[in-house]
Amino acid sequence: MEAGNQTGILEFILLGLSGDPELQPFIFGLFLSMYLVTVLGNLLIILAICSDPHLHTPMYFFLSNLSLVDICFSTVIVPKMLVNIHTENKAISYMDCLTQVYFSMFFPILDTLLLTVMAYDRFVAICHPLHYTVIMNPRLCGLLVFVTWFIGVMTSLLHISLMMHLNFCSNLEIPHFFCELTQVLKLACSDTFLNSTLIYFMTGVLGVFPLVGILFSYSQIASSIRKMSSSGGKQKAFSTCGSHLSVVSLFYGTGVGVHFTSAVTHSPQKVSVASVMYTVVTPMLNPFIYSLRNKDVKGALGRLLSRATSCL
């Protein structure tokens with residue numbers, strides 16, 4: 001392919017997780033299974049919350065949004081990967097690649113902000129229980145979700161707008177299974193200083209500050225739980241926070257793992273394998289964490305499935 005600016009580029013090449021033809025059927029089956037489990041699990045969470053009046057609370061409203069984001073995040077990446085493996089064609093068009101870059105930034109940003117909002121919700125519920133319904137009113141909940149989506153949209157658009165001005169060289173092979181921003185920038189012939197600066201800045205703002213907010217919320221929650229005299233109250237507080245803490249640990253743990261892997265190794269294949277954790281595995285595990293650790297969600301899922309089987 002000839003070098004030139006973005007208007008002359010027809011397509012990029014996604015090298016995938018492995019170039020071994022014998023591994024492709026296994027990779028296809030594995031990722032297809034994980035994708036179906038992700039969609040089904042998160043869809044069941046959304047249906048259970050929508051169908052059960054007991055779950056029409058701010059916490060579960062945010063959880064349903066998180067499940068929707070997880071479905072969308074996996075859908076942006078996995079189906080294209082499966083098509084490439086099935087057709088034995090690793091090409092992705094320039095516009096499709098830009099679209100994948102946009103949404104592969106957009107949905108993780110939503111994940112981060114929604115987890116922060118959920119931590120704030122638990123902080124209000126446990127530290128200020130008498131004012132919970134007044135503070136976490138439907139208007140505020142809707143506004144918080146709107147703000148998270150707005151920040152995600154604007155941040156991703158900013159990255160894409162800078163990317164569209166780059167010139168790309170003749171080597172358009174991406175050593176990844178999707179169009180990841182930093183990997184695409186490595187193929188550019190023009191200066192990517194502004195792009196890299198924006199990545200570091202937004203990673204600090206949208207990665208560190210939400211984490212600080214989550215840690216502060218849970219420090220206040222832990223302090224309030226210690227002051228509780230009733231063991232039943234403590235157990236209820238732990239049960240409502242346990243699922244969220246597990247998801248936060250998984251999300252940030254896999255994200256840090258990917259950045260650590262990319263920093264210590266020069267093997268793009270190892271970075272791609274590490275990326276599977278936060279792009280595919282984390283969205284798949286979230287429904288299991290909430291359904292196994294949360295009695296309310298478990299009960300709602302049971303009632304939903306019993307109604308579904310009775311209708312058959």
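The second largest pocket has a volume of about 610 Å³. A pocket here is an open set of points on a 1 Å grid over the protein atoms alone, with protein on both sides within 12 Å along at least five of seven lines, and lining residues have an atom within 4 Å of a point. Grid points are joined across faces, edges and corners, and the volume is the space filled by probe spheres set on the points. The model is predicted: local features need pLDDT of at least 70, side-chain atom pairs count only at pLDDT 80 or more, and totals for chains, interfaces and linings use all residues. Residues are numbered from 1 along each chain as its sequence is written, and side-chain values use heavy atoms, with hydrogens and water left out.

Lining this second pocket are 23 residues, and Arg122, Lys236, Ser239, Thr240 and Asp296 lie nearest its centre. At least two lining residues come from each of α2 (58-87), α3, α8, α9 and α10 (295-310); helices (H or I, at least four residues) and strands (E, at least two) are DSSP runs, numbered from the N terminus. With six residues, α8 gives the most to this lining. By class, the lining of the second largest pocket holds 10 nonpolar, seven polar and six charged residues. Ala, Val, Leu, Ile, Met, Phe, Trp, Tyr, Cys and Pro count as nonpolar, Asp, Glu, Lys and Arg as charged, and the others, Gly among them, as polar.

The largest pocket has a volume of about 1300 Å³. Its lining numbers 42 residues, with Glu180, Ile199, Thr203, His259 and Tyr278 nearest the centre. The helices that each supply at least two residues to it are α3 (94-127), α5 (138-163), α6 (181-185), α7 (193-227), α8 (231-264) and α9 (268-293). This lining divides into 21 nonpolar, 19 polar and two charged residues.

There are also two cavities of 30 Å³ or more, a cavity being a set of points where a 1.4 Å probe fits but cannot get out.

| Cavity | Volume | Lining by class |
|---|---|---|
| Largest cavity | about 50 Å³ | six nonpolar, two polar, two charged |
| Second largest cavity | about 40 Å³ | five nonpolar, three polar, one charged |

The largest cavity is lined by Leu66, Asp70, Asp111, Leu115, Val247, Phe251, Tyr278, Thr282, Pro283 and Asn286. Two or more of these residues come from each of α2, α3, α8 and α9, and α9 has the largest share, four residues. Around the second largest cavity stand Asn42, Ile45, Leu63, Leu66, Ser67, Asp70, Asn286, Pro287 and Tyr290. Here α1 (24-51), α2 and α9 each supply at least two residues, and α2 gives the most, with four.

On the surface, Leu143, Phe146, Val147, Phe150, Met154 and Leu157 form a nonpolar patch with about 580 Å² of accessible area together. Such a patch joins nonpolar side chains (Val, Leu, Ile, Met, Phe, Trp, Tyr) within 5 Å, from residues with over 30% relative accessible area and no salt bridge. A salt bridge is a side-chain nitrogen of Lys or Arg within 4 Å of a carboxyl oxygen of Asp or Glu. Areas come from the Shrake-Rupley method with a 1.4 Å probe. Phe150 belongs to helix α5 and counts as partly exposed because its relative accessibility is 47%, between the limits for buried (under 20%) and exposed (over 50%).

Glu88, in the loop between α2 and β3 (91-93), has a positive phi of about 55 degrees although it is not a glycine. Most residues other than glycine have a negative phi. Glu88 counts as exposed, at 73% relative accessibility.

Conventions. Patches are made of residues with over 30% relative accessible area and no salt bridge: like charges are joined within 9 Å, nonpolar side chains (Val, Leu, Ile, Met, Phe, Trp, Tyr) within 5 Å. Buried means under 20% relative accessible area, exposed over 50%, partly exposed in between (1.4 Å probe, protein chains only).
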